[in-house]
Amino acid sequence: MKTVILYEDQDILVCKKPAGLAVQSARASEMDMESELRNYLHGGGLHVVHRLDQPVEGVLVFARSSAMAAKLDAQMKNGTMKKYYRALACGRMPRTEGEWIDKIVKKGNGVGEIVTDGNANAEAKRAVLSYQVDSYDADINVSNVKICLQTGRFHQIRLQFSHAGHPLVGDRKYGDENAKRIAEDLGLASVALCAERLCFRHPRTGKQMDFSVTPGFHKK
């Protein structure tokens, strides 16, 4: 099993998703996290609470009943579930920290787009994140960035960083040739983005839960 289980009890499973493995797949022949975990549970209850893009690695929580899923979903909607990411972004960020507010629309061809006042779209959703630059590597011209995701829009982090002129290293969908070249130089086969930390309250006990992983692309 490619999925790594970090914690489990009768109500939830907290797992690390490897880069390249889909959370769910439309193809019956393609293994995904949900299928792996259902096999692990021998067919027991499992509910997907949130997702990560297939190229992205990191922490996810799954519910083992619809009641627990509803409580976790409520935490996502009211902001008490906190999601922290780490990424390698091309170039030197102009500020060491900041907040970006954009509007994103999901298009029919499997990509997202930042919309501006000039091409407003009624289907666009508000996207908010804050970031802090941990370090900058001048040799490869890459910023090591911590991100707090305040909304969970389609391809949000990848879109917002690309729109700001700092595409994520290895992003084949929204990156440029430089982003691909740096990934090759670093030996990265996927986008340098990881859901590094997940904080929430246990849906049954209310206990604060806090899980972290080290990104596979980690650079100090």
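In this predicted model, helix α4 spans residues 177-186, and its buried residues are Ala179, Ile182 and Ala183. These three cover an arc of only 100 degrees around the axis, which puts them on the same side of α4.

**Helix α4 and its ends**

- An α-helix has 3.6 residues a turn, so residues three or four places apart point the same way.
- Turned away from the buried side of α4 is a face that carries the exposed residues Glu177, Glu184 and Asp185.
- At the start of α4, Asp176 brings a side-chain oxygen to within 3.2 Å of the backbone nitrogen of Asn178.
- Just after α4 comes Gly187, with a positive phi of about 75 degrees.

**Helix α3**

- Helix α3 (residues 156-163) is largely enclosed by the rest of the structure, because six of its eight residues are buried.
- Those buried residues of α3 are Gln156, Ile157, Arg158, Leu159, Gln160 and Phe161.
- Their cover includes β5, β6 (97-106), β7 (112-115), β8 (125-137), β9 and β10 (193-201).

**Aromatic pairs**

- How many aromatic pairs does the structure hold? There are five.
- One of them joins Tyr7 and Phe211 in a tilted arrangement, with 5.8 Å from centre to centre and 45 degrees between the planes.
- This pair links distant parts of the chain, since Tyr7 sits in strand β1 (residues 4-8) and Phe211 in strand β11 (residues 208-212), 204 residues apart.
- Tyr7 counts as partly exposed because its relative accessibility is 28%, whereas Phe211, at 13%, counts as buried.
- Tyr131 and Phe161 form an edge-to-face pair, because their ring centres are 6.4 Å apart and their planes stand at 65 degrees.
- Tyr131 lies in strand β8 and Phe161 in helix α3, so this pair ties together parts that are 30 residues apart in sequence.
- Are Tyr131 and Phe161 buried or exposed? Tyr131 counts as buried at 5% relative accessibility, and Phe161 is buried too, with a relative accessible area of 0%.
- Ring pairs also link Tyr7, Phe200 and Phe211 into a cluster.

Conventions. Residues are numbered from 1 along each chain as its sequence is written. This is a predicted model: local features need pLDDT of at least 70, side-chain atom pairs count only at pLDDT 80 or more; totals for chains, interfaces and linings use all residues. Side-chain values use heavy atoms; hydrogens and water are left out. Buried means under 20% relative accessible area, exposed over 50%, partly exposed in between (1.4 Å probe, protein chains only). Helices (H or I, at least four residues) and strands (E, at least two) are DSSP runs, numbered from the N terminus. The arc is that of the directions from the helix axis to the C-beta atoms. A polar contact is a pair of N or O atoms within 3.5 Å; within protein, one must be able to donate a hydrogen and the other to accept it, and residues adjacent in sequence count only if both atoms are side-chain atoms. Contact means heavy atoms within 4.5 Å. Rings of Phe, Tyr and Trp (its six-membered ring) pair if their centres lie within 6.5 Å; planes under 30 degrees apart count as stacked, over 60 as edge-to-face and the rest as tilted.
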